[in-house]
Amino acid sequence: MSTATLSSTLPLDDLVASRGPLWTATQLRDLVSRVGTELSGPLLDMVRFASPNRWWTRLALTDEVELWLLSWLPGQHTAPHDHGGAAGAFSVVLGELSETYRYPGNPAGQRTHRVGDAIGFGAGRAHQIWNTGLAKAATVHAYSPPLVPTREYASLDDIPNVIPPAPARSATP
């Protein structure tokens, strides 16, 4: 297992230690919740805000999981997307965000996530996240398997009946 961290001041090695070939949505939720809670001070010192594009940095990468810190200025958002068949999670460490989400074959739902909120989701979910408030926001995200490309959609109504699973990973040379 190799761990890449942005800063040696973030003690992430134990938090992203091997748990099996893939992490579950619950394990990812627990990870982002713990990182967001226990490391909120260093994360908030590290976060940057940029316009017109959102700012992000990878905090850790192993064979099983990747961990990111993202910032959101008011009005910034993602396109509707899935996570390529990977399970994921995010936790809010600053501000609040609105999320519209949809599982194939189900109607769209909407939630507001505030500081301390954490959510984990399985591979068959698409969503769009917005900073609809007037204040800056920051989030910690985790995905397993790592390095799976997202697929964007014109709207959440366009997601397929089944979100394909994550592609098989080839062995690293």
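This is a predicted model: local features need pLDDT of at least 70, side-chain atom pairs count only at pLDDT 80 or more; totals for chains, interfaces and linings use all residues.
**View 1. The side chains of Arg29 and Asp30 form a salt bridge.** A search of the whole structure finds five salt bridges, and in the one shown here the nitrogen-to-oxygen distance between Arg29 and Asp30 is 3.0 Å. Arg29 is partly exposed, with a relative accessibility of 31%, and Asp30 is likewise partly exposed, its relative accessible area being 39%.

**View 2. A salt bridge joins Arg114 and Glu96.** The side chains of these two residues meet at 3.4 Å, taken from N to O. The pair links distant parts of the chain, since Arg114 belongs to strand β6 (residues 109-114) while Glu96 belongs to strand β5 (residues 96-102), and the two residues are 18 residues apart. Arg114 has a relative accessibility of 45% and counts as partly exposed; Glu96, at 33%, also counts as partly exposed.

**View 3. Glu99 and Arg125 meet in a salt bridge between buried residues.** Here the distance from nitrogen to oxygen is 2.7 Å. This pair, too, links distant parts of the chain: Glu99 is in strand β5, whereas Arg125 is in the loop between β7 (118-121) and β8 (126-130), 26 residues apart. Glu99 has a relative accessible area of 0%, and Arg125 has a relative accessibility of 3%; because buried means under 20% relative accessible area, Glu99 counts as buried, and so does Arg125.

Conventions. Residues are numbered from 1 along each chain as its sequence is written. Side-chain values use heavy atoms; hydrogens and water are left out. A salt bridge is a side-chain nitrogen of Lys or Arg within 4 Å of a carboxyl oxygen of Asp or Glu. Buried means under 20% relative accessible area, exposed over 50%, partly exposed in between (1.4 Å probe, protein chains only). Helices (H or I, at least four residues) and strands (E, at least two) are DSSP runs, numbered from the N terminus.
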